[in-house]
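Reader: I have a model open and some quick questions. Can we go through it together?
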Amino acid sequence: MTVTSLRPRPEPAEVARVTSTAAELLEVLWGRASTAPASASQLRVLLILEHHEGINLRTLADSLASTPPSTSRLCDRLQAAGFVERVVSAADRREVRLHLSGRGRAFLADLRVRREQTLRAVLDQMPAAKRVALLQGLEAFCDAAAARIHDDSDDSAASGTRTA
């Protein structure tokens, strides 16, 4: 399947369209690598907790652009599955800190292995030069996206607003 014909200087709109198509195809491929027993929303929680170990419920709700009651129910299900642990804060006993359990970490590790195997099967079909170009492009994209996220966080902190 060809998603675009290459031009010497593709316009950002064209690159955005192709990137969106690639993301949709990734969703299909990763769907085959199933995230069961976690839903997409639950997976987002696990990934946030992996990078922000010990955050409280309100911070997690803000990260999800959700409400604390909805986020709490989501965490209830993850705790029941053995993926999340709740620990009372030593500083304030009214505050609960959220942590990934060993089972939650193992689930994410296994999910990543399955996703990478699925991607490897696709990448094996690409010529080596195209894989190099893809890698370089994705590294540049990741750098730009991380900078944008960081800048957006700084802007929202300075203005007192939050972004979803």
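Reader: Let's start with Glu-95. Is Glu-95 buried, exposed or partly exposed?

Author: Glu-95 counts as partly exposed, at 21% relative accessibility. Buried means under 20% relative accessible area, exposed over 50%, and partly exposed in between, with a 1.4 Å probe and protein chains only. Before we go on: this is a predicted model, where local features need pLDDT of at least 70, side-chain atom pairs count only at pLDDT 80 or more, and totals for chains, interfaces and linings use all residues. Residues are numbered from 1 along each chain as its sequence is written, and side-chain values use heavy atoms, with hydrogens and water left out.

Reader: Which residue forms a salt bridge with Glu-95?

Author: Arg-97 does, with the closest N and O atoms 2.9 Å apart. A salt bridge is a side-chain nitrogen of Lys or Arg within 4 Å of a carboxyl oxygen of Asp or Glu. Arg-97 is partly exposed, at 29%.

Reader: How many salt bridges does that rule give?

Author: Eight. One of them joins Asp-92 and Arg-94, at 3.2 Å from N to O. Arg-94 is exposed at 72%, while Asp-92 is partly exposed at 27%.

Reader: Back to Arg-97. What is its bridge partner in the strands?

Author: Val-87 pairs with Arg-97 of β3. Strands β2 (residues 84-88) and β3 are antiparallel, with five bridges. Strands (E, at least two residues) and helices (H or I, at least four) are DSSP runs, numbered from the N terminus. Two strands pair if DSSP finds at least two bridges between them.

Reader: What about β1 and β3, how many bridges there?

Author: Two, and β1 (residues 55-56) also runs antiparallel to β3. Ile-55 has Leu-98 as its partner.

Reader: New topic. Where is Ser-101, and is Ser-101 buried or exposed?

Author: Ser-101 sits in the loop between β3 (96-100) and α5. Ser-101 is buried, at 5% relative accessibility. The Ser-101 side chain reaches the backbone nitrogen of Gly-104 at 3.0 Å.

Conventions
A polar contact is a pair of N or O atoms within 3.5 Å; within protein, one must be able to donate a hydrogen and the other to accept it, and residues adjacent in sequence count only if both atoms are side-chain atoms.
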